[in-house]
Amino acid sequence: MALWVDSRLAGRGLLRLAYFTPTVLPMIAVANIWLFFYTPQYGLLDQITQLLGLPGRNWLGDKSSALGALMLVAIWKEAGFFMIFYLAALQQISPALAEAAALEGASRWQYFRRVLFPLLMPTTLFVLINALINAVRLVDHLFVMTRGGPDNASMLLLYYIYQVGFSYWDTSYAAALTVVLLVLLGAIAFLQFRVLDPRTHYR
C-alpha cells in the first residue's frame, strides 16, 4: 500500500485518503459496516456470491470462518494507520539509491529486497510491536458482531477477561488473566526486539 501511494500515480492523494479513512472511524462503526457485509442472504458478500451463482455462507455463524472474518475487519481498520508510517519512511529514502541500483542492473525486486526493505527495518519493528498490541486490545467489534461465538470460535483473550470480570464477577481470576496477558505481550515484544533489532540498521 505504501509503495503504491508513494509512486507517481494520478489521484494518489485520494488513494491515500481512501486507505487512511478506516483508521479514523470508531471500531463500533466499522463493526456495523462489516456486519452488513457479512449478513446472510442480504449482506454485500452474499449478494456478490449470488450474482456469481455461488452458494451463500453465514460468515459469522460458521465456526470455521468467524475468526477469519473478524481478522479481516481488524486488518481493514488498522492497515491504513501503519501505511502512514511506511509512507513517511519511504519518503526519507534518497532516490539516488534507486538510480544507483538501476545502473548496476538490479531489478525492482532486487532493489526492494536488498536495499529498500532493509532500510525500512526500524519502521517494520515499530509496526510489528504496535500491530501486536492493537490486535490484542481490539475487542470492540466482538461486542457487535459475534460476542465470542459461535461456540467460542472467536473468543479472544481480552474479551474473555472482560466476561470473567464483568459478567461472572470473578475479579480475582480476571486480574490473574490480565497479568498473564501482560507477561505474554512483554515476552513476545522482547523476542521481536531480540530477533529484529540487529537487523534494524542497514549495513
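These are my notebook entries on a predicted model of one chain.

**Ground rules.** I number residues from 1 along each chain as its sequence is written, and side-chain values use heavy atoms, without hydrogens and water. Because the model is predicted, local features need pLDDT of at least 70 and side-chain atom pairs count only at pLDDT 80 or more, while totals for chains, interfaces and linings use all residues.

**Fold.** I looked up the secondary structure and found eleven helices and zero strands. Helices here are DSSP runs of H or I with at least four residues, strands are runs of E with at least two, and both are numbered from the N terminus.

**Overall form.** I checked the radius of gyration, taken over C-alpha atoms. The value is 21 Å, well over the 17 Å that the globule rule gives for 203 residues, so the chain is more spread out than a compact globule. That rule is 2.2 Å times the number of residues to the power 0.38. The C-alpha atoms fill a box of roughly 65 × 50 × 25 Å along the principal axes.

**Burial.** I found that 33% of the 203 residues count as buried. Buried means under 20% relative accessible area, with a 1.4 Å probe and protein chains only.

**Helix α10.** I then turned to residues 157-167. The buried residues of α10 are Y159, I161, Q163, V164 and G165. Their cover includes α9 (140-145) and α11 (171-196). Just after α10, W169 takes a positive phi of about 55 degrees.

**Charges.** I noted 14 positive charges (Lys and Arg) and 10 negative ones (Asp and Glu), with His and the chain ends not counted. Their mean positions are 7 Å apart, placed at NZ of Lys, CZ of Arg, CG of Asp or CD of Glu.

Terms used
Buried means under 20% relative accessible area, exposed over 50%, partly exposed in between (1.4 Å probe, protein chains only). Contact means heavy atoms within 4.5 Å.
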